[in-house]
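This report describes selected features of one protein model, by region. Please consult the sequence and the structure displayed below while reading.

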Amino acid sequence: MTAGVAPPPLGASRTAMSAGVIEAPGRAATARTARPEPGPGQVRVRLEGCGVCGSSLPVWEGRPWFEYPREPGAPGHEGWGAVDAVGEGVAGWRVGDRVAFLSDHAFAEYDLAGADGLARIPEQLAGRAFPGEALACAMNVFRRSGIAAGDTVAVVGVGFLGAMLVQLASRAGARVVALTRRPFAREVAVAMGAAEAIATDDAAGAAARVRGLTGGEGAACVVEVTGLQSQLDLATELTRERGRLVIAGYHQDGLRTVNLQLWNWRGLDVINAHERDPRAYVAGIEAAGRAVAAGELDPEPLYTHRLPLGELGRALDLLRDRPAGFLKALVVP
């Protein structure tokens, strides 16, 4: 559930702001808190919005190692907006620059970022949503996957990231087979360019279907985008000999087992396509900006829900429940 907060009275302090707070598992509220001031090497961004990422689901559901309440604005990390204030020693950025940025408190009206964690949003995208970190994930996974024209590519899991990868791979000239549980997501996959969209309820049947489509060989590249053990197993089965198995899902709920015998037998290249170097994320945001501005990537149809900051809890519930029609929620201050 989500608790709202009344707007501040006229004449309220200009040094305060609203921020979302996860008070306990499954419970969010909106709080008034101090507006952060940029230190040396930092800028403050007035947020236009923040995407809601699948990696935030564990803190919403609750795990024994999390402490509550979480800090105001956490764990929002897909923010974009305009530079509002510049700290000492910052060069190359000025008030009014529209940016996507790396941070982890972006479920708020304002957030801070290091000057080296900013990426400029192209002018062609004025007025458009741009959850840069999420878009960077797609660009970086696609780059690490080595997908080329003529490849048969299987994408296992069609949420927001999976749908973008279907789009990128198909526009690169690959033949894309999408595998996903939800009928709605299969429709999205076809709209994004998939040649085939297959249900995963019957894993053995799905694997047989992919083998049938590839002359018994399997896919040259299989990208797993679910974070689930069962779908990691399915992704392994879909690979061909000397194929590539790319792990893009967030595996956060315990240890995983892998069929190492099959990995060995097929001589797979196994790629963990998660970046940890902030420079790689900034480069991915910049690449996404260029791709969207050039019409090579179109994420707009995938932003299915836009909610005000006071409904952060509902946005996280949507992420958890994934009802028909849901792919990506954006929270707007």
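## Basis of the description

A residue is called buried at under 20% relative accessible area, exposed at over 50%, and partly exposed in between, with a 1.4 Å probe and protein chains only. The model is predicted, so local features need pLDDT of at least 70 and side-chain atom pairs count only at pLDDT 80 or more, whereas totals for chains, interfaces and linings use all residues. Residues are numbered from 1 along each chain as its sequence is written, and side-chain values use heavy atoms, with hydrogens and water left out.

## Aromatic pairs

Rings of Phe, Tyr and Trp (its six-membered ring) pair if their centres lie within 6.5 Å; planes under 30 degrees apart count as stacked, over 60 as edge-to-face and the rest as tilted. Two aromatic pairs are found in a search of the whole structure. Trp65 and Phe66 form a tilted pair, at 5.9 Å centre to centre with 55° between the planes. Trp65 counts as exposed because its relative accessibility is 58%, and Phe66 counts as partly exposed because its value is 22%.

Phe160 and Tyr303 form a stacked pair, because their ring centres are 5.8 Å apart and their planes lie at 25°. This pair links distant parts of the chain: Phe160 belongs to helix H3 (residues 160-171), Tyr303 lies in the loop between H8 and strand S15 (305-308), and the two are 143 residues apart. Both Phe160 and Tyr303 are buried. The helices (H or I, at least four residues) and strands (E, at least two) named here are DSSP runs, numbered from the N terminus.

Two strands are taken to pair if DSSP finds at least two bridges between them. Strand S4 (residues 42-51) pairs with S5 in the antiparallel sense over seven bridges, and Val45 has Val83 in S5 as its bridge partner. Strand S5 (residues 79-86) pairs in turn with S6, also antiparallel, over three bridges. Between these strands, Trp80 has Ala100 as its bridge partner, and Ala82 stands opposite Arg98. S6 and S8 run antiparallel and are joined by three bridges, with Val99 opposite Arg120 in S8.

Which residues of S6 point one way, and which the other? Arg98 and Ala100 point one way, Val99 and Phe101 the other, and all are buried.

## Gly51 in strand S4

Gly51 is found in strand S4 and is buried because its relative accessible area is 2%. Contact here means heavy atoms within 4.5 Å. Leaving aside neighbours within four places in sequence, Gly51 is in contact with Glu78, Trp80, Phe107, Pro131, Lys328, Ala329 and Leu330. The C-alpha atoms of Gly51 and Trp265 are separated by 40 Å, and these residues are 214 apart along the chain.

## Arginines at Tyr110

A charge sits over a ring if NZ of Lys or CZ of Arg is within 6 Å of the ring centre and within 35 degrees of the ring normal. The charged end of Arg35 sits over the ring of Tyr110, 5.4 Å from its centre. The charged end of Arg46 also sits over the ring of Tyr110, 5.2 Å from its centre.

## Helix H8

Helix H8 (residues 278-293) has 16 residues and reaches 23 Å from its first C-alpha to its last. This is close to the 22 Å expected at 1.5 Å a residue, where the expected span is 1.5 Å times one less than the number of residues. A polar contact is a pair of N or O atoms within 3.5 Å; within protein, one must be able to donate a hydrogen and the other to accept it, and residues adjacent in sequence count only if both atoms are side-chain atoms. At the start of H8, a side-chain oxygen of Asp277 reaches to within 2.9 Å of the backbone nitrogen of Arg279. H8 is followed by Gly295, which has a positive phi near 80°.

The buried residues of H8 are Ala280, Tyr281, Val282, Gly284, Ile285, Ala287, Ala288, Gly289, Ala291 and Val292. Their cover includes strand S6 (98-101), strand S8 (118-120) and H2.

## Ser145 in helix H2

Ser145 lies in helix H2 (residues 132-145) and counts as buried because its relative accessibility is 0%. Its side chain reaches the backbone oxygen of Val141 at 2.7 Å. Not counting residues up to four places away in sequence, Ser145 touches Cys221, Val223, Arg244 and Val246.
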